[in-house]
Amino acid sequence: MAEGIWWTAPAESESGRRIMVSGRRDVEKFRSNPRFNIRVEVSWPYPPDAEGFPDEPTALLMEEAQEALEAAFKKDPVAVLTGVFTGDSRRDWIFYTLSTHIFGRKLNEALASLPVLPLEISAENDPGWEAYDEMAEAEIKMD
C-alpha cells in the first residue's frame, strides 16, 4: 500500500474480536464516476493464531496477492481497492468496480502465478458508496 494514500485503525469485528482496518483516501475520481457502483468483497478465510490473525507464511502470501491485485488494477483501472480488513480469521479486500465480469477476469489474471487460494467473492450494488463511508468512520474516530 502506498504511504499517505492509506490509513489504518483497529476496530472490532461483529464477533467482538480485534481487526485491523486499512482504508484508501484518494478514491474521489472513482467515486465520482457513476459506473463504479459495484462493491466487490474478496475474502480469504484462514486458520488464526490466538489473536485471530494469520500466521507469517499466510500473511506473506496475502501480501503477495494484494500486491498483484493492486498492480493489475493500476495498469487497467477497472476497479479500485478501497479497504482491507484483517483479523477474526479472515482478510477481506473491498473493491469498487464497473463490471463484475471484467473484475473476475482481471482477478484471475492477477493471481495466476500464485497457488490456488481459498477465496470467497461476493458483490453488491452500492452506487452511493455507503459501505465505504461506514468504513471511513474508523479513521474519523482515530482523530
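Colleague: How many of the residues of β5 are buried?

Modeller: Seven of the eight residues in β5 are buried, so the strand is mostly covered, taking buried as under 20% relative accessible area. Bear in mind that this is a predicted model.

Colleague: Which strands pair with β5, and in what sense?

Modeller: Pairing is read from bridges between two strands, with at least two needed. Here β3 and β5 are joined by eight bridges and are antiparallel. β4 also runs antiparallel to β5, again over eight bridges.

Colleague: Which residue in β5 does W44 stand opposite, and what is the bridge partner of V84 there?

Modeller: W44 faces R91 in β5. For V84, the partner in β5 is W93.

Colleague: How many residues lie between β4 and β5 in their hairpin?

Modeller: Two residues separate the strands of this hairpin. The loop between β4 and β5 holds D88, and S89 lies in that loop too.

Colleague: Why do D88 and S89 count as partly exposed and not as buried?

Modeller: The class follows from the relative accessible area: under 20% is buried, over 50% is exposed, and partly exposed is in between. D88 has a relative accessible area of 21%, so it is partly exposed. S89 is also partly exposed because its value is 22%.

Colleague: Which residues have the most contacts inside the largest nonpolar core?

Modeller: A core of this kind is a set of buried nonpolar residues joined through side-chain atoms within 4.5 Å. The largest one has 23 residues, and W93, F95 and F103 have the most contacts inside it. At least two of its residues come from each of β3 (38–45), α2 (56–75), β4 (79–87), β5 (90–97) and α3 (100–111). The largest share, five residues, is supplied by α2.

Colleague: What is F103 in contact with, leaving aside its neighbours within four places in sequence?

Modeller: With those neighbours set aside, F103 is in contact with V40, V42, F73, A79, F95 and T97.

Colleague: How many residues does the second core have?

Modeller: The second core is separate and has 14 residues, among them V21, V27, W129 and A136.

Methods:
Residues numbered from 1 in each chain as written. Predicted model: local features only at pLDDT ≥ 70, side-chain atom pairs only at ≥ 80, totals over all residues. Heavy atoms only, no water. Buried < 20%, exposed > 50% of the residue type's maximum accessible area, 1.4 Å probe, protein only. Helix = DSSP H or I, 4+ residues; strand = E, 2+ residues; numbered from the N terminus. Contact = heavy atoms within 4.5 Å.
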